[in-house]
Amino acid sequence: MLFTLISIELLKIFRKWRTYISIVAIVALVGLLQSVMLLQGNQYGDLMMQGLKTNFMIEGNLINGYLISFIVKGLLYVHIPFLVTLVAGDILAGEATGGTIRMLLTKPITRTQLITAKYATSLIYTALIVLTLALTSYFVSLLLFGTGELMILNSSTVVVLLEHDVPWRFGLTYLFIFLSLATVTTLSFFFSSLVENALGPIISTMAVIIVFTALSFLDVSAVRAIKQYFFTTHMAAWREFFNDPPDWSLITRSASILFGHCVALFGITLYLFRRKDVTT
């Protein structure tokens, strides 16, 4: 029954034009960034290596697909959370707006099954977004720019990863990005269960992200004590995979907090919806 419900929900979301906005946006933005790097990648490479060439002899294909993929993720990562809310924010609120939620509840399914199916559909769509990002930013970049060592310039260090030591890091990075975006999806899904307008969950989710991110930059004791529990604080922990060696304790802690947010938010959503008086 659950798989049937998920299949129906997938058909419903892919009949809406807004579902394709995120996919088209990612393909277009990644393609634009790759085109810029194809035209002016050498200038970027000279600028990046300007301070190093005075002290080191640098050889090899440093402006390669790995570096381009890393740069693309860093530039787009703050925008992708908005894209996943387009479906998660509408999947319940849209039913309420259209007046079909009550009809669904008259079917021989429980509220738990309905909520679980819609949540699973939202996560599948989120996975599709991450897959689109991986195909365009990683595999297409490798085809266009080739492979080589990955050099990453941090604020005070330079990390050079050998070619054979890079692919597994990207694989784990995309899994971590999925977990981060799943947290955003779950938050938007929670808001979607509370209102009857699809725009509300999207705005509310982005407002939470903006507020939490802004608070994270406040270096005061009151905020410092709690910001470690903000999910936004841990969404950028994917960068840790590109340290040598990665700080696995930090990655595990960040992943646990993100997963905990998903479980808690979904649990609250399920609890409230099972007790909700649906009258329209």
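This is a predicted model: local features need pLDDT of at least 70, side-chain atom pairs count only at pLDDT 80 or more; totals for chains, interfaces and linings use all residues.
Residues are numbered from 1 along each chain as its sequence is written. Local features need pLDDT of at least 70, side-chain atom pairs count only at pLDDT 80 or more, and totals for chains, interfaces and linings use all residues, while side-chain values use heavy atoms, leaving out hydrogens and water.

View 1. Helix 3 (65-76) is one of the DSSP runs numbered from the N terminus (H or I, at least four residues). The span from its first C-alpha to its last is 16 Å, close to the 16 Å expected at 1.5 Å a residue for twelve residues (1.5 Å times one less than the number of residues). Ten of the twelve residues are buried, so helix 3 is largely enclosed by the rest of the structure; buried means under 20% relative accessible area with a 1.4 Å probe, protein chains only. Among them are Gly-65, Ile-68 and Ser-69.

**View 2. Ser-141 in helix 7.** Look for Ser-141 within helix 7 (residues 111-145). This serine has 0% relative accessibility and therefore counts as buried. Its side chain reaches the backbone oxygen of Ser-137 at 2.5 Å. Not counting residues up to four places away in sequence, Ser-141 touches Gly-65, Ile-68 and Ser-69, as well as Gln-34, Thr-136 and Gly-146 (contact: heavy atoms within 4.5 Å).

**View 3. Elements around the largest pocket.** Helix 3 also meets us here, giving two or more residues to the lining, as do helix 9 (199-216) and helix 11 (231-234). Helix 9 gives the most, with five residues.

Methods: Buried means under 20% relative accessible area, exposed over 50%, partly exposed in between (1.4 Å probe, protein chains only). A polar contact is a pair of N or O atoms within 3.5 Å; within protein, one must be able to donate a hydrogen and the other to accept it, and residues adjacent in sequence count only if both atoms are side-chain atoms.
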